[in-house]
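Student: I am new to this structure and would like a close look at a single part of it. Please show it to me first.

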Amino acid sequence: MASAPVPLRPWNSALQHSDRERWICIYPAYVNRKKTRQEGRRIPKDNCVENPSIQEIRDVLQVLGLSVIVENKQYSREKSKELAFRGRIRVQLKNNDGSSIQKDYPTRDSLLLYIGKMIPQLKTRQGKSTEPTQQQATSSGSGGQSHKKGKGKRR
């Protein structure tokens, strides 16, 4: 029988950087290209991906060598209550002395830009990007002959 994770303590300034309460939170909406800034996107659209999942973000961060915890939380700006849009990732960015664990990614924003750059390179994403555009091009090009029924003339 698996034990439940230990609940987070209230935050205070005496907590170490290695305590989970001091780790940064990342929601998939932060790097979702389909979201607006008001809906929670944190980085420019050019650096985002479409509908990133918690598993993809977790995989990218674990390859980087960071400590990662996945939590079953709902982002407050997320309108959909579906399970696919749930989840939050906590990441340890700093050591107890305050220095960055990864020198290339010292801040939350630099880490989000890295996530947006690496998710399209995952094997699970390799075949998905070109298929929808090819299907749209073939279905919309029917030779220019459309037999639409118009409104007709007013009398």
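Student: How many bridges join strand 1 to strand 3, and do the two run parallel or antiparallel? Please go through strand 3 and its surroundings in detail.

Tutor: Strand 1 and strand 3 are joined by 3 bridges and run antiparallel. Two strands count as paired if DSSP finds at least two bridges between them. Before the details, a note on the basis: this is a predicted model, in which local features need pLDDT of at least 70 and side-chain atom pairs count only at pLDDT 80 or more, while totals for chains, interfaces and linings use all residues. Residues are numbered from 1 along each chain as its sequence is written, and side-chain values use heavy atoms, with hydrogens and water left out.

The protein has 3 helices and 3 strands, in the order β-α-β-β-α-α from the N terminus. Helices (H or I, at least four residues) and strands (E, at least two) are DSSP runs, numbered from the N terminus.

Strand 3 covers residues 88-91. Buried means under 20% relative accessible area, exposed means over 50%, and partly exposed lies in between (1.4 Å probe, protein chains only). In the protein as a whole, buried residues make up 34% of the 155 residues.

The loop between strand 1 (24-26) and helix 1 (54-64) holds N51. N51 has a phi near 45°, a positive value in a residue other than glycine. N51 counts as partly exposed because its relative accessibility is 37%.

One of the residues touching N51 is E56, which is found in helix 1. E56 has a relative accessible area of 8%, so it counts as buried. Leaving aside residues up to four places away in sequence, E56 also touches I119, L122, T124 and R125; contact means heavy atoms within 4.5 Å. With R125, the side chain of E56 makes a side-chain polar contact at 2.9 Å. A polar contact is a pair of N or O atoms within 3.5 Å; within protein, one must be able to donate a hydrogen and the other to accept it, and residues adjacent in sequence count only if both atoms are side-chain atoms.
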